[in-house]
Amino acid sequence: MFRLYSWYNMIRYQPFTFKLDVYTTRSFMSRGFTEYIPSSLAGGQNNVEVQQSPGALASSAWNTRGWTVQEFLAPNFVLFYQRDWSLYLDDRSPNHKDSLIIMQEMADVAGIDTQALIAFRPGMRFAREKLQWVSARVTTCQEDIAYSLFGIFGVNLPAIYGEKKQKALGRLLQEVVAQSGDISALDWVGQSSEFNSCLPADIASYKAPPYTVSSLSEDDIQASISSLRHEVAADVVLKLYTLLGNLSASRFGNCRLHLPCIAFRVTAVKRNRAQDQEIYEVKADGLLDLLITTEDKLIQFSSPRPTMQTFLLVRPWNRHLLELPDFTEPSGLAELPEIAGDRESEEGCWSALGSPSQQSSGGFPEAQESVDSELSGRALRLAARLRQPFGAFC
C-alpha cells in the first residue's frame, strides 16, 4: 500500500486529473491514458452542475472516499475537471495545487491544512491529525479505511483482506505508536476495539477534535525557569530530566500497550454534590489540590467508610517534552549518574522535588561548568512545562 502512494507520487511531470462526480479517476502518465472506475460506483449520476464559482468540491462524492486522500496528497501536479471536461472554475493554470482558491476550498472540505495539501510528505508526525482527515470517509472494502492510510504514514504493512476493519486499523495504529512513540493516536472517543481495548473499533472515533494542551509562550517559559532557579536545586531538575529521558517509548508487545506514565498517589478525597454532578476534592502527592467534576459516581469514594485501597492519578508521558532533536533517538544522557528505570515509583522523584507549593532550600547555581548548558536548559524547560495545568479524562 505504501508502494501505491509512491506510484502516485512518481507522477511528477504530468498532472493527476480528477473529474468531479462522474465517479471516475483519470490520470495522465508518460506512456498513455488510463481510466479507473470503481465497480461499486459505476453508473453513478453527476449531481453537481457545471459552474464557474467554488462549491462543487463540497458536494462531490469524491471527497467522501477513503482512497482519494492519498490520491490527492501524493501527486505534485493535480487538475480538476467538471463533468463536461471543462477545467474547474475555468482555472487554466498547469497545476491546481497552485490555485489559492481551489486549495482553500479543498482545505475547508477535507479538513486538511493547505500546506499539507500542496507539499505533503508521508510520515508519523501529527498522527492524530491525519487520522481525523479520514474519520468521516468510507471505503467499499472495510479494511481499506486502514490500508488507505499506510502510504500517508509511510508504513510498510501487508494488506490482509478478510481480517476485518478492527484488526486492520489496530495493526496500523500499533505500528504508528511503536515506530514513533506518539501517543496522540490513543486520543479517541467511541467504542473500543476487540483487537485491543486501548484502540478504537472504528476510524470515526477520531472525528472529535483532538485534546490540546494550552501551550506556554516563550515569555511564560522563561518566567517559570527564572522561578525554578531559586526554588529547586540543579541536580534535582537534572535527575528528573534523566529519569523521564530513560523511560522507554510507548510501544505494543503481544497486543499489549506499554505506556510510560507519571503517577501521583492520591492521599485524600472529599465528595460533594451539586445538581446532577459529583464533585471530588482531591489531594495527591506532587500535585496542587485539584477538583474533579463528573456525572458518574465514583463508588470507591462514595462509601461512608474509608477505603483502604491505593489510588493513583496517572499522566501519560510524552517524550516530545524532552525537546530532543529526534525524540525516537537515545537521549544521550550517559554522562549523568545512573538512576532507576521506568519501574521506579513516582515517590522517588516527587519526594525529591517536593510539592509544587513547597520550596527547596537549594538554589540553582549561576555557573555550573561541569554541566552541559544545553542539557540543563532542556531540563529547566521540561520542568517549566510539567508545572503548567493539564487536563484529565477517565
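Me: What covers the buried residues of α9?

Reply: This is a predicted model. In it, the cover over the buried residues of α9 includes α12.

Me: Which residues of α9 are buried?

Reply: Ile 221, Ser 224, Ile 225, Leu 228 and Glu 231. Looking down the axis of α9, these buried residues fall within an arc of 125°, so they line one face of the helix.

Me: And which exposed residues are on the face turned away from that buried side?

Reply: Asp 219 and His 230 are the exposed residues carried there by α9.

Me: Back to α12. At what angle do the axes of α9 and α12 cross?

Reply: At roughly 105°, and the axes come within 9 Å. The helices are α9, residues 218-231, and α12, residues 373-387. An angle of 65 to 115 degrees counts as roughly perpendicular, so α9 and α12 are roughly perpendicular to each other.

Me: Which residues meet there?

Reply: From α9, they include Ile 221, Ile 225 and Leu 228; from α12, they include Leu 380, Ala 383 and Ala 384. By class, the contact of α9 with α12 has 6 nonpolar, 3 polar and 6 charged residues.

Me: What span should α9 have?

Reply: With 14 residues at 1.5 Å a residue, α9 should span 20 Å. Its end C-alpha atoms are 20 Å apart, which agrees.

Me: What share of the residues count as buried?

Reply: 44% of the 394 residues.

Key
Residues are numbered from 1 along each chain as its sequence is written. This is a predicted model: local features need pLDDT of at least 70, side-chain atom pairs count only at pLDDT 80 or more; totals for chains, interfaces and linings use all residues. Side-chain values use heavy atoms; hydrogens and water are left out. Axes are lines fitted to C-alpha atoms, for helices over the stretch in contact, and angles run from 0 to 180 degrees between N-to-C directions. Helices (H or I, at least four residues) and strands (E, at least two) are DSSP runs, numbered from the N terminus. Angles under 35 degrees count as roughly parallel, over 145 as roughly antiparallel, 65 to 115 as roughly perpendicular and the rest as oblique. Contact means heavy atoms within 4.5 Å. Ala, Val, Leu, Ile, Met, Phe, Trp, Tyr, Cys and Pro count as nonpolar, Asp, Glu, Lys and Arg as charged, and the others, Gly among them, as polar. The expected span of a helix is 1.5 Å times one less than its number of residues. Buried means under 20% relative accessible area, exposed over 50%, partly exposed in between (1.4 Å probe, protein chains only). The arc is that of the directions from the helix axis to the C-beta atoms.
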